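Visitor: Can you walk me through this model? I'd like to start with the cross-link and then move on to other parts.

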Amino acid sequence: MIKTPLFFSSTLLLSLLCSTAFAATDNQTEAPVFFDDFNYQTLGAFYDNGWKARTETGHPGIPGASWSAIGLSFPDDVAGAEHGAIRMSSVTDGTAANTRHTQICHARKYREGTYAARIFFRDEPTFGPDGDEVIETFYAISPLKAPMDKDYSETDFEYLPNGGWGHPDKPAMWSTTWETFQLEPWTKVNENTRSEGSYAGWRTLVLTVMDNKVRYYVDGELFSEHSENVYPEVPMSMNFNLWFMPKGADGSQGPVDSPELREYQEDIDWVYHRQGVALSTDQVMAEVTSMRDNKQAFIDRVPAHNPPLPSPCGL
């Protein structure tokens, strides 16, 4: 029996450990990750990184109202957002002519994995009378090709500070996972969860789509779990929007009765996606902190769908 010298065994072990460490580092470096710290000075730089602002009219929101990039800005003095943020500002007086909704969209190439964002929600308008049924969101969505499209996919966080969807006046966070729907006559197939109470302030939202389960987390706590019956089937785009419910929309009361203009805002500190892995909120925060420490304000290593899919910024 030939014995291997101790020094050789130790050297071999050290070599193996180093190889493993380098492999782990390399895997982390090349992981299919999307991250945006929203550290921009101009809309042009924002668009250069694959984002779009919605301009087309249509569902959802007050019928006939506009959707515009006018409501987008990049304030660098947002308390609690040390690297800046993107702000969405939407206005209404209850009429279509004087309502401007806001929405931003990234490429349609996301499905399974982890979605996360840090968002500042508000319960009150920045000016004007309070009470409109307004929706403040973070979600992923695919185009609806036809009414009751079986391949449709959508996963939503929606904060309703003044209530809505048949629950007026009471603030609530909703999570909704959609199988499909049609507008006329209104028909929906989804699973949703509602938690009543104010969610104003900074909130870290995490959504995982893995193993035929869709799980939603708010500030590290499990908020809801939805089943394989509504599990996303096709690639989606990542979106944020801020819009006003029309009266009668699925039991909603709509805008308050006032001709005075009012504005609501939603701030987004950062957004993150890791393809193909379900991460905890702590794991997401560790990755975000690491990228920020390395001064990585934008990363996009999530491959485009093959072939690339149209990525409309609308419904």
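**The disulfide and beyond**

Guide: Cys 105 and Cys 313 form a disulfide, with their sulfur atoms 1.9 Å apart; a disulfide here is a pair of cysteine sulfur atoms within 2.5 Å. This is a predicted model, in which local features need pLDDT of at least 70 and side-chain atom pairs count only at pLDDT 80 or more, while totals for chains, interfaces and linings use all residues. Residues are numbered from 1 along each chain as its sequence is written, and side-chain values use heavy atoms, with hydrogens and water left out.

Visitor: Which hand does the link of Cys 105 and Cys 313 have?

Guide: The link of Cys 105 and Cys 313 is right-handed, with 70° about the S-S bond. Cys 105 lies in strand S6 (residues 100–105) and Cys 313 in the segment after strand S19 (298–300), so the pair ties together parts that are 208 residues apart in sequence. Helices (H or I, at least four residues) and strands (E, at least two) are DSSP runs, numbered from the N terminus.

Visitor: Is Cys 105 buried or exposed? And Cys 313, buried or exposed?

Guide: Cys 105 counts as buried, at 2% relative accessibility. Cys 313 is buried as well, with a relative accessible area of 8%. Buried means under 20% relative accessible area, exposed over 50%, and partly exposed in between (1.4 Å probe, protein chains only).

Visitor: Zooming out, how many helices and strands does the chain have?

Guide: The secondary structure of the chain comes to 3 helices and 19 strands. Of its 315 residues, 49% count as buried.

Visitor: Now helix H3. What does its span look like?

Guide: At 1.5 Å a residue, the 13 residues of H3 (residues 281–293) should span 18 Å, and the end C-alpha atoms are 18 Å apart, which agrees. The expected span is 1.5 Å times one less than the number of residues.

Visitor: Which residues of H3 are buried?

Guide: Thr 281, Val 284, Glu 287, Val 288, Met 291 and Arg 292 are buried in H3. Seen down the axis of H3, the buried residues fall within an arc of 135°, so they line one face of the helix. The arc is that of the directions from the helix axis to the C-beta atoms. On the other side of H3, Asp 282 and Asp 293 are exposed. Just after H3, Lys 295 takes a positive phi of about 60°.

Visitor: Last topic, cis peptides. Where is Pro 60 found?

Guide: Pro 60 is found in the loop between strand S2 (52–53) and strand S3 (66–67). The peptide bond from His 59 to Pro 60 is cis, with omega near -5°. A cis peptide bond also joins Asn 306 and Pro 307, where omega is about 0°. Pro 307 is found in the segment after S19.
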